[in-house]
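Here is a short report on one protein chain. Please look over its sequence and fold before reading on.

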Amino acid sequence: LFFSCSNKCETFPLATRLNIVCVGLSPDGNLAILIDEEGAALLVSLIGKCAIHHFYFHNPVHSVSFSPDGKKFVITKDNVALMYHAPGRKREFNAFVLDKTYYGPYDETTCIAWTDDSKCFAVGSKDMSTWVFGAERWANLIYYSLGGHKDVIVACFFEENSLDLYTISQDAALCVWQCDTELDGLKPMPPKDAAREKNEEKNDEEFLEEPKGEEIHGKANPNEQETRNKVKYSRVAKYVFNKEGDFNNLTSAAYHKKTHLLVTGFASGIFHLHELPDFNLIHSLSISDQRIASISINCTGDWIAFGCSGLGQLLVWEWQSESYVLKQQGHFNSMVSLAYSPDGQYIVTGGEDGKVKVWNTSSSFCFVTFTEHTSGITAVTFTSNGYVILSASLDGTVRAFDLHRYRNFRTFTSPRPSQFSCLAVDSSGEIVSAGSQDSFEIFIWSMQSGRLLDVLSGHEGPISSLSFNPMKCVLASASWDKTVKLWDMLDSWRTKETLILNSDVLVVAFRPDGKELAVAALNGQITFWDHENAVQTGSIEGRHDLQMGRKELDKITAKQAAKGKSFTTLCYSADGQSILAGGLSKFVCIYNVKEQILMKKFEISCNFSLDAMEEYLDRRKMTEFGSMALIDEGAGGEDGVAIPLPGVKRGDMSYRHFKPEIRVTCLRFSPTG
């Protein structure tokens, strides 16, 4: 996502194969490097909003950072740091040219920091050491490690126009390192020595298939002779943050060089602001109950951006006035239902977390969240005037929210508590109906008085879907008892027609002109009805188009699994010519109603970090003992359980790593077309 200063957010029309792990932005703001979980990189132009180059690093990458002058960038993977020539203004055959490979740390490298003039950079590691390397060869800089920490290095920062360094570790300790040499005091390598080293490397490269760039090896403990007249570091201070509780690890940090402002985020959602080098606490606040995954400070140092991956939160905080500039959060669990406002300006969404959110379609921001429901939302809808939102929930209530005052002004309940699975409101916005999962009844309320008007019984299975005819006072109800019933509101809710199908009915939808009814059933069929005369006018066999993927732990092939799958959501286009259908797969199908043929299939995601994306079983993940997916790899991650020694356990023991399954829970077409 790309957020601009004009208070808008837009999604780029490009994607990686897996979840994006790290992003590097060039200093001029024209280029970005996106790297996914397996180390596949995309070079993206932020001006043209397109992918320029693809590159594969062969291993997971921990961090990426451009040099301040924009000529180089460094990535850290395994226990090495790789420096590449940054793509320039001119067109190149290969955008990623390896310049140097830096060896030194024993364990995985975690973070990168550059000096202001791009002469040197520091790399932090999981072996609790920080290494200072030169982007060029300097005669008086030998590459050695700085210790002093008892945990993984989370971040390191250089002071402005200086080689002085701050290092921060996961156990919330900060070390201040002073350098005896200024940046101008770095001496270039004599040409003789540099040429001799280059020749030695060239001879090695003759036997290699591809040039590996220059290899540079740091020394963990150089002898006295090597350190004489060389750049020296000394630790002048060590500070410890006051953290609450044993499980409260430091997870992220950012430093603003001009204002000397250090921001640190913790696993409990607390963040601290300190002034360096004296380590004065400015303030400490809690913004979430989940770990703060990433922090960034803007160029003036006034705004601080926080990202919390657990809850999907993005916050921009102005620390001097202590106020939010931007506060956005998605649904904590999956979204279940959505609806457009009649003018197409707003979208309302309901999720399993019990929240109802309203989004602006032009800016892509959520501007109000209603939290009154105590259980998962099953359906949401707008009334015809566009100022009232209705939501049904498993907590046994249907609530009406006012978009003028942002409040819950009506709550509809049933005489006996029952879980509501679907919802519909008539074209006047006066009659509200909801179907029950457990009592097989439909409840009708008046919007004006909030009173229960009627309870419609007659179905013999849970009510799966309700829809009002936009032009007439007729309500269609679908049920698992293989019937669709049409109720006439003007004739005191008598059953006008009962349409009998071959399979459990999952969803019904009226055409915008009210003359046709579409019904999706469990056998994968979509049938079209002339409801006035109770005659079926057509049908679509859609099960083959759904094209279900194979889950990691499935015992049967995707083709066999698809036999039991069907469409779970239907929606007519605004002109009524075509119908959109989606279900438990990554595809959305668009059919022409008149011709009853598939016009187009949209793939909603190409992200293989989701389950049920693969068509065939990946044989590389199969062993003689079963699938590798059964092994819970995520339990040893940063959020999970770290077990460094027998008997030492930290973190959340109940944490489990799982892949969310791809599915389409709801489809809507904009009323404006």
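Predicted model: local features only at pLDDT ≥ 70, side-chain atom pairs only at ≥ 80, totals over all residues.

## Annotated repeats

The UniProt record, an unreviewed entry, lists "repeat: WD" at residues 328-369, 370-411 and 456-489.

Two of these stretches can be described in the model. Residues 328-369 are 55% strand and 0% helix.

## A four-stranded sheet

Strands β40, β41, β42 and β43 form an open sheet, in that order. The pairing is antiparallel. β40 (463-468) and β43 (494-500) are the edge strands. Each has a single partner strand, so one side of each has no neighbour in the sheet. From one strand to the next, the twist averages 20°.

Look at the pair formed by β41 and β42. β41 covers residues 474-479 and β42 covers residues 483-488. They pair in the antiparallel sense over 5 bridges. Ser 477 has Lys 485, in β42, as its bridge partner.

## His 149

Where is His 149 placed? It sits in the loop between β14 (145-146) and β15 (153-158). Is His 149 buried or exposed? His 149 is buried, because its relative accessible area is 8%, and the cut-off for buried is under 20%.

The side chain of His 149 makes a polar contact of 3.0 Å with the side chain of Ser 169. Beyond its neighbours within four places in sequence, His 149 is also in contact with residues including Met 128, Thr 167, Ile 168, Ala 173, Leu 174 and Cys 175.

Note on methods:
Residues numbered from 1 in each chain as written. Heavy atoms only, no water. UniProt positions renumbered as here; feature names shortened; annotations may be inferred. Helix = DSSP H or I, 4+ residues; strand = E, 2+ residues; numbered from the N terminus. Pairing = 2+ DSSP bridges. Axes fitted to C-alpha atoms, helices over the stretch in contact; angles between N-to-C directions. Buried < 20%, exposed > 50% of the residue type's maximum accessible area, 1.4 Å probe, protein only. Polar contact = N/O pair within 3.5 Å; in protein donor to acceptor, adjacent residues only side chain to side chain. Contact = heavy atoms within 4.5 Å.
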